[in-house]
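Hi,

Here is the model I promised to pass on. Have a look at it first, and then read on for my notes.

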Amino acid sequence: MTESRVVLVTGASSGIGKACSLRLAAHGFRVFGASRSAPRFQDMKQGSAGGPSVQLFMDVRDDRSVNESVSWVLKEAGRIDVLINCAGVTVGGSAEEMLVDEIRDQIETNLLGTMRTCRAVLPGMRARKSGLLINIGSLAGLMGVPFQSAYSASKFGVEGYSESLQMEVSGFGVRVVVIDPGDVHTEITAHRKETKGTLKGTPYRLNLDAAMRSQASSELHGWEADRIAGLVEKIVRSRRPRFRYTTGPFIERVAVPVRRILPDRLFLGILARFYGVR
Ligand SMILES: NC(=O)c1ccc[n+]([C@@H]2O[C@H](COP(=O)([O-])OP(=O)(O)OC[C@H]3O[C@@H](n4cnc5c(N)ncnc54)[C@H](OP(=O)(O)O)[C@@H]3O)[C@@H](O)[C@H]2O)c1
């Protein structure tokens, strides 16, 4: 099926964002993939199998960068039909020791970055009475993850933000979708560093190491990014997508309904053990 819709993907240089960009471009969508590692406003055509795809610079932590990049896409393509927010970062560490700058960076990127890009594309979508905003949340936005408190906080924020936004924009023909993946095999594992704030002789060492090992192993054995991209493509093609999709390995996904029936303390105790935290 030929597609002429224009898609802007953030975090397109690796992992889920890259998989979404490649898949949608291969199916003929006009894809603009944004990240900090892309050259500034310089076209880079994808391989011959893909449809037209352009990589462009965007730092979602910076108002000006987001607005400039969105304006550039609007000038090039005339509109943005679909925004897919994949840009994200994570740092491992205890909530007590993690540096405030590291906390701020995760909130800036994962939560405020999502808000910035949505705000930048909304005027055009409202004017055309049509648009789709897909925010990549996380199961860590539906339940806390030990030693990833700032990441979880940012992802809980994405959930609340997306719900509020959907109620505000549905009258203008704009749909919001949140996808909450469990662990996915991407570069996120290599990109995740331990906080620089961990104290020498920290009392959290055993649990911190266990949680970070468990997280890395789950990601290594998690879904391939293209499975998430396949879901994204299905959503983009759907006339009436659901508001929220929880995806990923069954053992992780099942935690969502389980947490609704278990008392919170019992659930959190089980979750801590899942991550090797005693
Ligand atoms: N992998 C998982 O298990 C998993 C599970 C649930 C949810 N998620 C979420 O899925 C999204 C994608 O993660 P991933 O696994 O694909 O991770 P990844 O491979 O590390 O990719 C992260 C992407 O975000 C971009 N990025 C980071 N900071 C940015 C900034 N300030 N401005 C613009 N782009 C920025 C990176 O590009 P540059 O560094 O080039 O800017 C990169 O393209 C994230 O929101 C993540 O939280 C991942």
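Let me start with a definition: a polar contact is a pair of N or O atoms within 3.5 Å; within protein, one must be able to donate a hydrogen and the other to accept it, and residues adjacent in sequence count only if both atoms are side-chain atoms. Keep in mind that this is a predicted model, where local features need pLDDT of at least 70 and side-chain atom pairs count only at pLDDT 80 or more, while totals for chains, interfaces and linings use all residues. Residues are numbered from 1 along each chain as its sequence is written, and side-chain values use heavy atoms, with hydrogens and water left out.

Now the ligand. Histidine 191 has a polar side-chain atom 2.7 Å from a ligand oxygen atom. Valine 184 puts a polar backbone atom 2.7 Å from an oxygen atom of the ligand, and for glycine 88 a backbone N or O atom is 3.3 Å from a ligand oxygen. The protein buries 95% of the 880 Å² that the ligand exposes when taken alone (Shrake-Rupley method, 1.4 Å probe). There are 32 residues around the ligand (a heavy atom within 4 Å), and Ser37, Tyr151, Val184, Thr186 and His191 come nearest.

On to the fold. An open sheet is formed by 7 strands with parallel pairing, in the order S3-S2-S1-S4-S6-S7-S11. Strands here are DSSP E runs of at least two residues, helices are H or I runs of at least four, both numbered from the N terminus, and two strands pair if DSSP finds at least two bridges between them. Strands S3 (53–57) and S11 (244–247) are at the edges with a single partner strand each, so one side of each has no neighbour in the sheet. S6 (residues 131–136) and S7 (residues 174–181) pair in the parallel sense over 6 bridges, with isoleucine 134 opposite valine 177 in S7.

Cheers
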